[in-house]
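I opened my notebook to look up charged pairs and nonpolar packing in one model. Here is the structure I worked from.

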Amino acid sequence: MKQFTISKANEYLQQDVTINGWVYNIRTSGKILFVIVRDGTGFIQCVVVKSQVGEETFENIKHLSQESSIAFTGCIKEDQRSPWGYEMEVTEARVVHAVTEEYPIQLKDHGVGFLSKYRHLWIRTPSQRAILMIRAEVVQSIRDFLNNNGFVNFDSPIITGSAPEGTTSLFTLDYFGEQAYLSQSGQLYQEAGAMALRRVYCLGPTFRAEKSKTRRHLTEFWMVEPEMAYCDVKESMQIQEGLTLYIIKRVLEHCKKELITLERDIQKLEAVQSPFPRVAYEDILSLLNKHDRDKKWGDDITGLDETIISNEYDQPVFITNFPKESKPFYMKESQDDPRTVLGSDLMAPEGYGEIIGGSQREDDLEKLVSKIQLAGLNPETYQWYIDLRTFGSVPHSGFGMGVERMTAWMCGIDHIRETIPFPRTIERIYP
Ligand code: 4AD
Ligand code: MG
């Protein structure tokens, strides 16, 4: 059966329909009630007139608390003046569940700490709904782009024995008496997948026990990790560029309403175009030093540096040719400059910082084994990964894009904790 939803109001103009939803707000003006109703797909103003619905129903609705669930029947009208665009003239009303307690989230500004405690309810508000809709669009556009460009979905395990991104940020767990970890990255398994299926990707949760309390860090976040056989770092960057532009295009096409709800400066997203500048790490140091950052070769690029860089360019920018000491063991050494690796980070503009980390992978057996040892890891644990260099090693590359950081940039919001339904940070595991 075709069910009416607020998102489809334009298809039901001048028709009688029923909205199954929740009360967001009620304003009284004598014998008329203006009820803002939400149904998960949108918000609409419903006008309840006493003479239409009768005294009893009118009084019942008038005293409903926020978030009471209701079924309103009536005619859908266009309303240019309303921020919601449409209006319902209610002829029949039924209360599904009358809330008797005071709703914790009022229509005023609460602090984020308070709202985070009520995340399970906070997600019902227009701005949080908009963010989560944009997240869903980001995820779907990632899948569509990859599936349409010859990539095969190839899921990496979540419980694993490997530590691709260093041993300091692992969540450990007892796996029947053996030590195991929650996955920091599905990359190593994607490399195996690329040798079997050529172009693959995984899109799933990843875990970092980092003690970082920044607006860009979660302990559980979602990452898409494409991996390509017979692909060098340059081609990989082109794919990253294509993916980024495609996500922006889709969000602009499908999430206009949500961007408006969030008061996003849409022009800034529309202005993003290829090719993104590619700047070597060494030149980035010079740039940072112009901002008195006192950087020398080998220094990390910190969160503050990322903000400076991404404010400097109004386009996303690739940083390339990183010193090998600053990057994980799997990155391929550059033949032109052995101090560096063939890796790149993509920095989003407007202060959003790193959204993608990628590289060409070390495909030389001996170099890889020695780098695994140098990283203090046990080559036996990685024997399966090393096998990939024994049996038909080829140049290959891949990258990881953080879904929450990408979403935060699209939304133009400050902190990535609002871009995932239930964020996990070092300070929060409830709700
Ligand atoms: O740069 P990272 O650590 O790279 C990797 O994990 C590679 N193995 C990916 C690959 O080549 N397959 O992480 C990639 C991206 C970052 O650019 C960022 O967008 C996101 O993942 N990210 C985080 N997002 C939220 N919270 C965190 N703690 C994050 N750490 C990384
Ligand atoms: Mg990185």
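My entries below go through the salt bridges and then the nonpolar cores.

**Entry 1, the model.** I note at the start that this is a predicted model. I looked up the salt bridges and found 27 in the structure.

I picked out the salt bridge between glutamate 67 and arginine 38, where the closest N and O atoms are 2.8 Å apart. Where do the two partners lie? I found glutamate 67 in the loop between helix H2 (55-62) and strand E4 (69-78), and arginine 38 in strand E2 (residues 32-38), so this pair ties together parts that are 29 residues apart in sequence.

The cut-off I used for buried is under 20% relative accessible area.

I also checked for further partners. Arg38 and Glu67 are linked with Arg124 in a network of salt bridges.

Next I looked up glutamate 241, which forms a salt bridge with arginine 278; the closest N and O atoms are 2.8 Å apart. Glutamate 241 sits in helix H7 (residues 233-254) and arginine 278 in strand E12 (residues 278-280), so the pair ties together parts that are 37 residues apart in sequence.

How accessible are the two ends? Glutamate 241 is buried, at a relative accessible area of 9%. Arginine 278, at 36% relative accessibility, counts as partly exposed.

Lysine 324 is partly exposed, and I wrote down 25% for its relative accessible area.

I turned to the packing and asked which residues have the most contacts inside the largest nonpolar core. They are Ile134, Ile142, Met406, Trp409 and Met410, in a core of 48 residues. H7 gives the most to this core, with eight residues.

I followed up on methionine 406. Leaving out residues up to four places away in sequence, methionine 406 touches Val138, Thr244, Ile247, Ile248, Ile355 and Met401.

I also noted a second, separate core of 28 residues. Val279, Ile301, Ile309 and Tyr385 are among its members.

Key
Residues numbered from 1 in each chain as written. Chains lettered and ligands numbered in written order. Predicted model: local features only at pLDDT ≥ 70, side-chain atom pairs only at ≥ 80, totals over all residues. Heavy atoms only, no water. Salt bridge = Lys/Arg side-chain N within 4 Å of Asp/Glu carboxyl O. Helix = DSSP H or I, 4+ residues; strand = E, 2+ residues; numbered from the N terminus. Buried < 20%, exposed > 50% of the residue type's maximum accessible area, 1.4 Å probe, protein only. Core = buried A, V, L, I, M, F, W, Y, C linked by side-chain atoms within 4.5 Å. Contact = heavy atoms within 4.5 Å.
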